Amino acid sequence: MSSLSSLAERMAEKASNYAAFGGFSLRQTKQDLEELLGRIGQLGFFDQYTKHDISHIDVMLEKLDWLIPDETKDRLTPADWLLIVLSAYFHDLGMLVTREEYEKRNESGFEKFRADVLLTDDAEGRDYAARLTRLGDDERERFLYQEFVRENHALRVKNWILGNDYPAAGISTVMMHEVQRILAPLEPVFRDDLSQVCESHHLEDLYDTDIYPVQQYYGNGDEESANVQYAAVLLRTIDLLHITRDRTPSIAFRVLNPSDPISQVEWAKQMAVRAVKPVWGLDADGNRSEVAPRDTIAVYAKFTDGDGFFGLTSYLRYAAVQLRKSHDWIQRSNTANGLNFQFPWKYIDTSKIEAKGFLTQTFQFSLDQTKVLNLLTGHTLYNDSNVVLRELMQNSIDAVRLQHGNESSSCGTVRVRWDSKSRTLEVRDNGSGMTQAIIENNLLKAGSSRYQEDEFRKKNPHFNPISRFGIGVLSTFMVADEVEILTCHPDENEARQLSLRSVHGEYLVRTINKTDIDRDLFPHGTSVRLKIRPSADVGDVLRIAQKWIVLPECEVTVGVDSGEAVKVGYESVGHALRDAISRHGADFYERLDEEKIKIVEKDLEGLSIAYAVRWNEYFNEWMFLPFSAPVREADILVGTCVGGIRVESYPPGFRRAHGVWALANAEGPHAPRTNVARSAIDSTPEFTRVVEQIYSAYCDHIREEVEQLQSARSHSMTWATGEAAVISRVFSTSDAVPVSRTSLRQSLSKVPLFLLEQGGSRRPASAEDLLDFDALRMTESAVMEHIEYLLRELPGGSRASVMKVLADAEDQWEESEPVICTHLGRDGHVDEFFLSAWQISEIKADKSERRCDFRWIKKDGNSLWSSADLADAGLERLSTDQDPRWGRTRNQLVHIPIGDVSVSGFTDEEVGVRVGNELYLIPGHPWAGMVHDMKKKPDWQGSDDERLICLSWVIGSVVSVAARDFARPMLPLSEVLEDLRLRVRRFEISHLLDWDAFAAAALSGGLEFFDTRRWQRSSLHIW
C-alpha cells in the first residue's frame, strides 16, 4: 500500500472520518493513481516530456508545507485538504493515452484540432507543417495526436471525473470508467468541484467564485466544507513551481534525447534548477526575520548554456504573472466574503539563477519613459490631431455598450461639446464609469487595455470593444496640457476626479460625493474635459465626428458653442449611405427621391454592407453607382468601418477613392483589427475574409440582375449575360484599384460572364463553369457577330438554329464540343478570365467566308504559346516605351507558338491572326523558327523565357507600326526596323535577341495578320 508521506495527505486522510467521505480510501486511491500515472509516456506519447508520475505528485504536495501559511493550515478543513490532494493526484492524468483511444483517434475531435489549430492555412501553420516533414508518417501522426492530448488533457480528466464520454477530447471510455470506479465513494457535488479544480490549472477564470465557491458544503458540518477557489489556486501554483531537476532525471534526458524543441527547452531548464524555496522576510532593518511576512519565492539554478537560461527566465516571467494573479484573486475573495485564507506569494526572485561563462549581471531592453510618452502623444503615431476626438468618443461608446448592452440604442448617450471661446472640448457619457483599480491599472498605464485582460474577457465573452491598445487617453496631450476626468462607478462609494497637467507628471485623485456630481453621470458615467492649447487646431468638430462615428449603437450628439446639438451616427449602413448620397449633390438627392437610385443592404456573417445602384432605363437594369470623389469628400461618404467606427475612407474593397458607392461595417469577435493609429485595417485572415464577403456581395448583385433581366424584364439570355460584363466593368477600370485582386477575381469567376452553346441550346456560364470542359470552340466572323446581335433581341434561339435557317445545312453547324459565343475584345476583365485559363490549339482561317475558327484547350501547366506578360520575364521596363509620333505606349506582345498548334487556311502573306485584341503568330514563319533555337538552349525557361518575351515584344513593335490604319501614313519597314534597333539598345536587351535573324525574317515577306474586322468599314486598325 502506498505511503502518505506529505502533511497534506495525512490531513486529507482524516476526511474519511466524516459522513460525506465515508468509505473513501486515500491510500488505495494513491496506489491506483500510481499505476495509472506510471503509464504516461508509453505507446510513444509524452516520452519526451517532463515526468508526470507519482513522484511528481509527491514533490508537488511537499511544497504545500511552506506555500500555505501556518495560520491558514489551521483553518483548512479535512475537506479542503482532500480536495487539494486529489486535484494534485488527478490533474495530469489526462496525459494518458490508451492503445484503443489512439486507434479511434479519427472518431474524436482530433481531425478538427489538427486542421483548425495545428495545420492552419496561414504562415504559422505552414511553417509548423514544414517542420513536421522531418518525421516519418507514423511518428508524425503520433506527435500530432500527442499535441491534441496535451492541449486537452485538463478537459479530458474533468470529463472522466464527471463520467462524461467526451469524444471531442478523445475516445477514452476505458479511462473514464476507471476514474469513475476510483472516485465512486465520493459525493457527486465533491466530484463536480474536483473536476473543476483539475481543469483550472490550464484556465484563467479562478477569480470567478460562482465557478469556484469559497465555501462549499459536502455535509452538515463545517469540517465537511471546502474553499474550492483556494484549492484551485494552490494546484495552479504547485504545478507552476515544480520545475526542479528531480522531476526530470538526467539519465532519462540523455537516453531519450527529445526531438521536440519545446520539450528540449523544458527538460534543459528543469535539469538546471536545484531548488525552489521561499525567501525569508526582512525586518525594518533589512535583516532576515522568521516573523516578518514572506511574499517572494526564489529559484536556484545554474546553466552551462544560454538557451536553457532563456527558456527558464522566460517561463518564470509567465509564472510570476500567474503568481500575482493568484494572490490578487484570493485577496479579493477574502475582502468580499469576510474570509482569511492567506496566499502571500506575489514575486519570484531570479537573482539566484546563474549561467556559467556569462556575466552574472543580466541585461534587458529598457524604455526611456519620457521619450516613449512623447512618441505616443506626438504626431509620429497618429499623424493627425483630429483623432483625439475619435479616441475619446470611441472610449465613451465602448463604456456605453458595456454598461447598457442591448439597450444602448435607447439608454446610452455620448455628448460632445466644443466651446471655441474658452477652447474647451468635453466628451461625456453615461457608460460604465471607472473604479479606482481601472484608473490605476488601465487609464494611467499606457498599453494596458482593460478590454484585453483575460479576466474581463471571461466575464464579458460577447463584448467586442472598439478600443484595443490602451493608449487612447494619451492622444489628448497632442492638443491639450490640461485634462480633467470625472468618473462615477456603481461599485465605488464616491466619484473620482483627476486633473492631468502633463503626460510626464504625477497625478492626484480627488474623491467627490456622488450627490455633488452632475445627474447625467450618476450612477455611472464619465466626463473628459480638455483645455485645448492655443497652438492646436482641433478642426471642424462636427465634421470630424461625422467622419469617424458611423454606427455608434447609442445616441451621440455634437454641440458647437451656443448652437443646437446635432445627432451623429446612424442605425444602419444603409441609412448612412443614403444620407451620404443625398448630401453629395442635388442631382443625387432627386434621383434617390425618384427611386432612380436605390440602396441595397446585406447582412452577412459579421459584416453589414450597403451599396448604391442606379436605374438604366434604356437597358432596364440596376447598375452600380460609380464612386469618384476627392479624398477630402470621400472620408464622410463611403468607407469600411470596424465596430461602427470608420477606419478606411475608400469604397469597400478598393484602395483609392474610385469604385462603388458603398459602406461596410465589420463587427463581432472575428472582425479585422486595425493598426495602432486606426488609420488602416491590418492585413490578417480576418480582413481577407471581410474583403471576400464584400466582393461576394457585389457579385451577388450582378447574378441577381442577370436573373431578373431574363425572368422579370423579358430579355433574352444573350442580352442578360452580355450585361453581366457591362455591370462588372466598374471593377476593371484603371482607377478602381482592388484591395485584393485575387479575392476579386475569385468572386467574379462565379459570375456568368460567358455564353456557351452546345447541342442547339445555349446557357450562361462563369469562368469556373468553363473549366468543366476539356475544349471549347469559337468562331470569329461578321456573320456570327450579327447573329449574336439578333439573338440579343430574341427571347430564345441559338446560333445553330439561326444558321440552319440561313444556310439550310444542318450538319454544317453542329459542333461536337461546346461553342463559346462571347466575343473577345470588348471587356478587358472578361478577356483576362478566359485567356488566363485557355489557349488556342487549332486555327482554321477561311478568307472566302471572312471567318476564322478556333479550338481552345485548358493550359493546365502546359503552354502552347509564349506569355503575354512582360513581368513574367522580368522585362517590366519595356512597358514604358512610348511612340513619339502618336504618344501612345508600344507594348503589344504577340503570342508566339512554342508547342504543337494546328493551323490551316492562311496565305503566304499572313503571318498570324487577331483574336479579340490579341495577336497570334502562326507556326512556319521565320520568327516562329527562331524559337526552335531558343528551346535547344540548356537554360530554356518555357513560355516565360526572357528571350522569348523579348522576341514577342519586338514583333509587336514591328507589326503595330509597319501597318497602320488608313488615318495615318504607313512608315517604310526599313525605318521601323532602324528605330526598333535603337530602342532595343536603349533598353539593354540586345543580348536577348539575334537581331540579324529577326530583321531578315521581317523583310522576308508580308506582315499581315488575318482579322475578320478587315471587312468592316471603320477606323479600326487594319493588320
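## Sheets and helix packing in a predicted model

Asp429 stands opposite Thr526 in strand S14. This is a predicted model. Strands S10 (residues 424-429) and S14 (residues 525-532) are antiparallel partners, joined over six bridges.

Both belong to an open sheet of eight strands. The order is S13-S12-S11-S14-S10-S9-S15-S16, and the pairing is mixed. S13 (509-512) and S16 (566-568) are the edge strands. Each has a single partner strand, so one side of each lacks a neighbour in the sheet. From one strand to the next, the twist averages 15 degrees.

| Helix | Strands crossed | Angle |

Another open sheet has four strands, in the order S33-S36-S35-S37. Its pairing is mixed. S33 (894-895) and S37 (1008-1010) form the edges, each pairing on one side only. S33 runs parallel to S36 (residues 918-921), and two bridges join them. Val894 has Leu919 in S36 as its bridge partner.

Helices also pack on each other. H2 (residues 26-37) meets H3 (residues 54-67) at an angle of about 125 degrees, with the axes 9 Å apart. The two helices are therefore oblique to each other. On the H2 side, the contact involves Lys30, Glu34 and Leu37. On the H3 side, Ile54, Ile57 and Asp58 take part. Three of the contact residues are nonpolar and three are charged, with no polar ones.

Technical notes
Residues are numbered from 1 along each chain as its sequence is written. This is a predicted model: local features need pLDDT of at least 70, side-chain atom pairs count only at pLDDT 80 or more; totals for chains, interfaces and linings use all residues. Side-chain values use heavy atoms; hydrogens and water are left out. Axes are lines fitted to C-alpha atoms, for helices over the stretch in contact, and angles run from 0 to 180 degrees between N-to-C directions. Angles under 35 degrees count as roughly parallel, over 145 as roughly antiparallel, 65 to 115 as roughly perpendicular and the rest as oblique. Contact means heavy atoms within 4.5 Å. Ala, Val, Leu, Ile, Met, Phe, Trp, Tyr, Cys and Pro count as nonpolar, Asp, Glu, Lys and Arg as charged, and the others, Gly among them, as polar. Two strands pair if DSSP finds at least two bridges between them.
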